[in-house]
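I opened a new notebook page for this one. My plan was to look things up one at a time and jot down what turned up.

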Amino acid sequence: QVHGLLMAEESKKLLENSSFTQFERKVEELSNENGCLLDKLSSEEDAKRCILLKYIHSVKRNGKKGSVQLADSGISDEEIHSMAALLRNSNDFTEIDLRQNQITDDGAKS
């Protein structure tokens with residue numbers, strides 16, 4: 001009877017260890033997936049920033065004054081800081097529509 005209890009206890013420990021190992025594997029798998037998604041997001045953000053800056057340069061080279069409609073474009077403070085640096089002391093635009101973007105007070109100050 002004692003032998004049966006010991007076997008049951010040992011089986012329970014093996015099952016717990018197996019579950020913990022599976023849990024660790026799943027955590028590692030999800031961590032790797034999260035890293036890949038963060039890398040992809042970073043690449044997409046860099047591409048968006050690059051396109052925006054190319055657009056601004058293109059409009060500046062064109063020499064025509066006008067408006068830029070960038071409402072609800074997913075623009076954040078980083079893009080706004082880059083835009084502000086490019087447009088500082090420029091009279092190329094009569095209006096820049098940046099409504100409904102992710103711009104904080106810090107971005108608005110630039």
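Predicted model: local features only at pLDDT ≥ 70, side-chain atom pairs only at ≥ 80, totals over all residues.

**Getting my bearings**

I counted the elements first: the chain has 3 helices and 2 strands. Reading along the sequence, I get the pattern α-β-α-β-α.

Next I looked up how much of the chain is tucked away. Of its 110 residues, 19% count as buried. The exposed surface comes to about 8600 Å², and carbon and sulfur atoms supply 53% of that.

I also checked how far apart in sequence the contacts reach. Taking contacts between residues at least 6 apart, 86% join residues at least 24 apart.

**The core**

Which residues make up the largest nonpolar core? I found 10 of them: Leu 52, Ile 56, Val 68, Leu 70, Ile 75, Ile 80, Met 83, Leu 86, Leu 87 and Phe 93. Two elements give two or more residues to this core, namely helix 1 (2-62) and helix 2 (77-87). Helix 2 gives the most, with 4 residues.

**Along helix 2**

I picked Ile 80 and listed what it touches, skipping residues up to four places away in sequence. The list reads Ile 75, Leu 98, Ile 103, Gly 107 and Ser 110. Of these, Ile 75 is also a member of the core.

Asp 77, also in helix 2, made me stop. Asp 77 is buried yet has no salt bridge. How far away is the nearest side chain of opposite charge? That side chain is Lys 109, and it is 10 Å away. A salt bridge needs the nitrogen within 4 Å of the carboxyl oxygen, so I could not count Lys 109 as a partner. I then looked up what Asp 77 does contact, again leaving out neighbours within four places: Gln 102, Ile 103, Thr 104, Asp 106 and Gly 107. Ile 103 and Gly 107 turn up in the Ile 80 list too.

Just after helix 2, I noted that Asn 89 takes a positive phi of about 60°.

**Salt bridges**

I searched the whole structure and got 2 salt bridges.

One joins the side chains of Lys 26 and Glu 29, at 3.5 Å from N to O. Both residues lie in helix 1, 3 residues apart, about one turn of the helix. I wrote down the general point as well: an α-helix has 3.6 residues a turn, so residues three or four places apart point the same way. Lys 26 is partly exposed, at 44% relative accessible area, and Glu 29 is partly exposed at 44% too.

The other joins Arg 99 and Asp 97, at 2.6 Å from N to O. Are these two buried or exposed? Arg 99 counts as exposed, at 58% relative accessibility, whereas Asp 97 is buried, at 7%.

**A patch on the outside**

Last entry: I looked for nonpolar side chains at the surface. Phe 20, Phe 23 and Val 27 make a nonpolar patch of about 320 Å². I checked Phe 23, which sits in helix 1. At 53% relative accessibility, Phe 23 counts as exposed, because the cut-off for that word is over 50%.

Terms used. Residues numbered from 1 in each chain as written. Heavy atoms only, no water. Core = buried A, V, L, I, M, F, W, Y, C linked by side-chain atoms within 4.5 Å. Buried < 20%, exposed > 50% of the residue type's maximum accessible area, 1.4 Å probe, protein only. Contact = heavy atoms within 4.5 Å. Areas by Shrake-Rupley, 256 points an atom, 1.4 Å probe, with all protein chains shown as cover. Lys, Arg positive; Asp, Glu negative; His and termini not counted. Patch = residues over 30% accessible without salt bridge, like charges linked within 9 Å, V, L, I, M, F, W, Y side chains within 5 Å.
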